[in-house]
Amino acid sequence: MSLPKHVRLVEVGPRDGLQNEAQPISVADKVRLVDDLTEAGLAYIEVGSFVSPKWVPQMAGSAEVFAGIHQRPGVTYAALAPNLRGFEDALAAGVKEVAVFAAASEAFSQRNINCSISDSLKRFEPIMEAARSHGVRVRGYVSCVLGCPYEGKVSAEQVAPVARALHDMGCYEVSLGDTIGTGTAGETRRLFEVVAAQVPREQLAGHFHDTYGQALANVYASLLEGISVFDSSVAGLGGCPYAKGATGNIASEDVVYLLQGLGIETGIDLDRLIAAGRRISSVLGRDNGSRVARARSAQ
Ligand SMILES: CC(C)(COP(=O)([O-])OP(=O)([O-])OC[C@H]1O[C@@H](n2cnc3c(N)ncnc32)[C@H](O)[C@@H]1OP(=O)([O-])[O-])[C@@H](O)C(=O)NCCC(=O)NCCSC(=O)C[C@@](C)(O)CC(=O)[O-]
């Protein structure tokens, strides 16, 4: 299979990245991050979550963040919604696209959203219905597609029915998440081979965390499988609250550098993206998780 000519990046740093930060981050800093990412040319930015603040305190101010950002026409600004309450809050905040999130492992589903996989899918049905009637697009996530912090190995055969259920209920795209970053390139290829028999590959995305340093290899393996949408996080922000030692998503800067080297178009300005990553890393007092950004600093 030849490599795709165009790749779309879904920037999840303001949501997946920041949701794990224990320190307070002001609404102004979150707004600045989203605006910087818009300026860098990202066409899709996941801005926040309308989840219980008891479960994820850092996302509590998501409505304020939506109110503060400067939305550029043609850019999608999305939020997570775990239930109808979250969807309605997102709608009230003016959100035009939401994401629902399920898991391929029962234990993770319980820890993350306090219900079984099958109950979570039932819980999404009213969201899908409400979204249809309000013209809101819904993206779906499946977590733990290559491993679970509680159950260990997860097979592609466990992932496929969950991805298919999300697709069948109306998610226009399903993102497969290696939540704890243990997956390898060989496993990634097999995962997409198996899931693509259930969901068209043009409607699948890859979401890789870099705990074992395999995320970039997994992106490349996915490209070889014809996948052309990837979630990534500026400066590699993030971690997983339920998986000790798990790092953030693959850094957006590193994916853009890889794609540029392959002659694949993203529409993203790498220098501006690096500047956005440097700014938020300095706000957080964290080392920049992007190898490309670190290398550029050393030059
Ligand atoms: C799903 C629930 C709400 C169930 O949580 P629950 O405790 O079973 O829900 P509940 O319906 O019993 O409600 C409990 C309380 O939460 C409130 N509540 C209920 N819903 C909402 C809402 N939408 N917004 C605000 N508040 C809400 C509700 O009002 C009530 O408040 P109380 O009466 O106790 O004061 C909870 O488990 C939750 O919010 N979980 C979110 C977890 C989360 O955000 N995880 C991170 C995102 S997933 C991820 O990062 C993986 C991904 C996507 O990146 C891909 C990958 O890498 O794998």
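Which residues in α11 meet which residues in α12? The points below take up this contact, then the ligand surroundings, the backbone and selected residues.

1. Basis of the note. The model is predicted, so that local features need pLDDT of at least 70 and side-chain atom pairs count only at pLDDT 80 or more, whereas totals for chains, interfaces and linings use all residues. Residues are numbered from 1 along each chain as its sequence is written, and side-chain values use heavy atoms, with hydrogens and water left out.

2. The contact of α11 with α12. From α11, the residues L270, D271, I274 and R278 meet V292, A293, R296 and S297 of α12; contact here means heavy atoms within 4.5 Å. Helices (H or I, at least four residues) and strands (E, at least two) are DSSP runs numbered from the N terminus. The contact residues comprise 4 nonpolar, 1 polar and 3 charged. In this division Ala, Val, Leu, Ile, Met, Phe, Trp, Tyr, Cys and Pro are nonpolar, Asp, Glu, Lys and Arg are charged, and the others, Gly among them, are polar.

3. Geometry of that pair. Helix α11 (residues 270-284) packs against helix α12 (residues 291-298) at an angle of about 95°, and their axes are 10 Å apart. α11 is therefore roughly perpendicular to α12. Axes are lines fitted to C-alpha atoms, for helices over the stretch in contact, and angles run from 0 to 180 degrees between N-to-C directions. Angles under 35 degrees count as roughly parallel, over 145 as roughly antiparallel, 65 to 115 as roughly perpendicular and the rest as oblique.

4. Another residue of α11. A275 is found in helix α11 and is partly exposed, at 43% relative accessibility. The scale used is buried under 20% relative accessible area, exposed over 50% and partly exposed in between (1.4 Å probe, protein chains only). The C-alpha atom of A275 is separated by 35 Å from that of F108, and the two residues are 167 residues apart along the chain.

5. Ligand surroundings. How many residues surround the ligand? There are 25, and the closest are K54, N112, N114, S143 and T179; a residue is near a molecule if one of its heavy atoms lies within 4 Å of it. A backbone N or O atom of V51 is 3.2 Å from a nitrogen atom of the ligand. A polar backbone atom of S52 lies 2.9 Å from an oxygen atom of the ligand. For N83, a polar side-chain atom is 2.9 Å from a nitrogen atom of the ligand.

6. Positive phi values. Most residues other than glycine have a negative phi. N114, which is not a glycine, has a positive phi of about 65°; N114 is placed in the loop between α5 (106-113) and α6 (117-134). A235, also a residue other than glycine, has a positive phi near 60°. A235 lies in the loop between β8 (229-232) and α10 (252-261) and is buried, with a relative accessible area of 3%.

7. N249. The loop between β8 and α10 also holds N249, which is buried at 2% relative accessibility. Its side chain makes a polar contact with the side chain of D16 (3.5 Å). A polar contact is a pair of N or O atoms within 3.5 Å; within protein, one must be able to donate a hydrogen and the other to accept it, and residues adjacent in sequence count only if both atoms are side-chain atoms. Beyond neighbours within four places in sequence, the contacts of N249 include V12, H207, S232 and G236.

8. Strand residues. A99 is found in strand β4 (residues 97-103) and is buried, with a relative accessible area of 0%. Neighbours within four places in sequence aside, A99 is in contact with E46, A79, L80, A81, R139 and Y141. V229, in strand β8, is buried at 4% relative accessibility. Among the residues V229 touches, not counting those up to four places away in sequence, are R8, V10, R139 and E173.

9. E21. Is E21 buried or exposed? E21 is buried, with a relative accessible area of 9%, and is placed in the loop between α1 (13-17) and α2 (27-39). Leaving aside neighbours within four places in sequence, E21 is in contact with Q58, L284 and R286.
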